[in-house]
Amino acid sequence: MVQAWPFTRLPLGALMKKPQLGMIRAALEGLDMLAAQQDRPRRWKLQVLDLRNVHGNFWRTWSGAVVDACSPGVMKERQTVKASPDTGPTLPLKVLVNLCFQRRSLNAFYSFLFRWVDERKGLIQLCCQKLQMCPLPVRTIEKILERLDLDFIQQLDVQCCWSLSTLATFATYWGQMSNLRQLFFSQVYVSAYASQEERDQLMDDITSQFAKMDSLRRLYLDSVFLLEGRLCQVLRLLKTPLETLSITDCLLSDPDWNDLSGSPNLDQLIHLTLWGSKLTSFSPEPLVILLENAAATLETLNLQDCGITNSQLQAILPVLSCCSQLRVLSFNGNDISMSVLSNLLLHTSRLTQLSLEKFNRMSIRTVPTLQDLVIQKVQHKEALPIPNLEYLPRVLILQL
């Protein structure tokens, strides 16, 4: 199939539900046979072998009309290179793959692919758009990253129980990912044996890499305690405004919280999540300012399990009603009184885009005022039984 393929791009991964080593081996052997020919067929136009299992417009993708995995700079560069009709495609050929490592050792597919690429240095360009790391040995990770064109990586997930020193080593690579748009990392710990001086130096090495991320738009931090006291420093180093900031189960210091509203890179937020970040003892003022700055763009606000009090919620209600694009509001796990919740529903009833609200479950049948508010909220003219409210187009979910 590879030898007969008449287009510039072959989306082989889209034809397989999961990687099939036999089929991939045959495709790569086909590339070898074509590359070895001194007189290559004129009809051979293949430049990209796509092994990713991606969804999309297959008929546009297989003909080479869409090449979404390439960074803007690389795409521009490629457009200036013309392959001679007599010699076939321009080398190196590109092999696109998403890498997801879930075990401490490489599976048969990755082992074969990396060995095949290593044996053809200069002839094959291995490109990865989405990279998900697990606790592989550090040297193995370094070898993998050295094989990749780091400019192609757009999404990086680090879900490892890494030490601070390991993360610092790895951070030098993500600083080279100039087109990285999404960064997610979690479960990073600090060794109890590291001195404060060592910790500070490692943290400086890590945070400095954020200044090199020219395209980062989505930042997810989960159970990452090492940024306590340095979060705002990281946010100020970014070159572009964030669309998504998600901080889950993280410790925030007073300086982190108080300076959060002063970051210019949060003025265009679309999604804000503070799930599990305890805010009980903090002033609501930074959150008020943050919501004011992002009121024109914010679509999702998740304050689940934040320990928010009645007084804190009352303080943010006026600005919350100004978030005209808000679609989803999640408030589970906060101990809020019925009167404050009623006030919240009144304020959010003015938000025409809001389609989903999540709160703790309560006996709404015995509270006529809340029942009336819910009926108004879903904007339904008929008298509907309360048990059916969660199936209405505009949804109020009262969860346990």
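**From values to words**

Modeller: Helices α10 and α11 are described as roughly parallel to each other, and please keep in mind throughout that this is a predicted model.

Colleague: Why are α10 and α11 called roughly parallel?

Modeller: Helix α10, residues 285-293, and helix α11, residues 310-320, pack at an angle of about 10 degrees. Angles under 35 degrees count as roughly parallel, and α10 and α11 are therefore given that description. Two packed helices are described by a distance as well as an angle, and here the axes lie 9 Å apart.

Colleague: Which residues of α10 and α11 meet?

Modeller: From α10 come L287, V288, L291 and E292, and from α11 come A315, I316 and V319. Sorted by class, the contact of α10 with α11 holds 6 nonpolar residues, no polar ones and 1 charged residue.

Colleague: Which residues of α11 are buried, and what do the buried residues of α11 pack against?

Modeller: The buried residues in α11 are Q312, L313, I316, L317, V319 and L320. The partners of these buried residues are α10, β12 (300-302), β13 (328-330) and α12 (338-348).

Colleague: Turning to another part of the chain, what makes L131 count as buried?

Modeller: The relative accessibility of L131 is 1%, while the word buried applies to anything under 20%, and L131 therefore counts as buried. L131 lies in strand β6, which covers residues 130-133, and L131 is among the residues with the most contacts inside the largest nonpolar core, together with L99, F101, L148, L156, W174 and F185. That core has 105 residues.

Colleague: Which residues does L131 touch, if those up to four places away in sequence are not counted?

Modeller: With those set aside, L131 touches L99, F101, L145, L148, I153, Q155, L156 and D157. As for a distance along this part of the chain, L131 and Q154 are 23 residues apart, and their C-alpha atoms are separated by 8.3 Å.

Colleague: How many helices and strands does the chain have, and what share of its residues count as buried?

Modeller: The chain has 13 helices and 15 strands, and 49% of its 400 residues count as buried. Of the contacts in the chain with a separation of 6 or more, 81% come from residues 24 or more positions apart. The accessible surface of the chain comes to about 19,300 Å², and 51% of that surface belongs to carbon and sulfur atoms.

Conventions. Residues are numbered from 1 along each chain as its sequence is written. This is a predicted model: local features need pLDDT of at least 70, side-chain atom pairs count only at pLDDT 80 or more; totals for chains, interfaces and linings use all residues. Side-chain values use heavy atoms; hydrogens and water are left out. Helices (H or I, at least four residues) and strands (E, at least two) are DSSP runs, numbered from the N terminus. Buried means under 20% relative accessible area, exposed over 50%, partly exposed in between (1.4 Å probe, protein chains only). Contact means heavy atoms within 4.5 Å. Accessible areas come from the Shrake-Rupley method with a 1.4 Å probe; for residues, only the protein chains shown count as cover. Axes are lines fitted to C-alpha atoms, for helices over the stretch in contact, and angles run from 0 to 180 degrees between N-to-C directions. Angles under 35 degrees count as roughly parallel, over 145 as roughly antiparallel, 65 to 115 as roughly perpendicular and the rest as oblique. Ala, Val, Leu, Ile, Met, Phe, Trp, Tyr, Cys and Pro count as nonpolar, Asp, Glu, Lys and Arg as charged, and the others, Gly among them, as polar. A nonpolar core is a set of buried Ala, Val, Leu, Ile, Met, Phe, Trp, Tyr and Cys residues joined through side-chain atoms within 4.5 Å.
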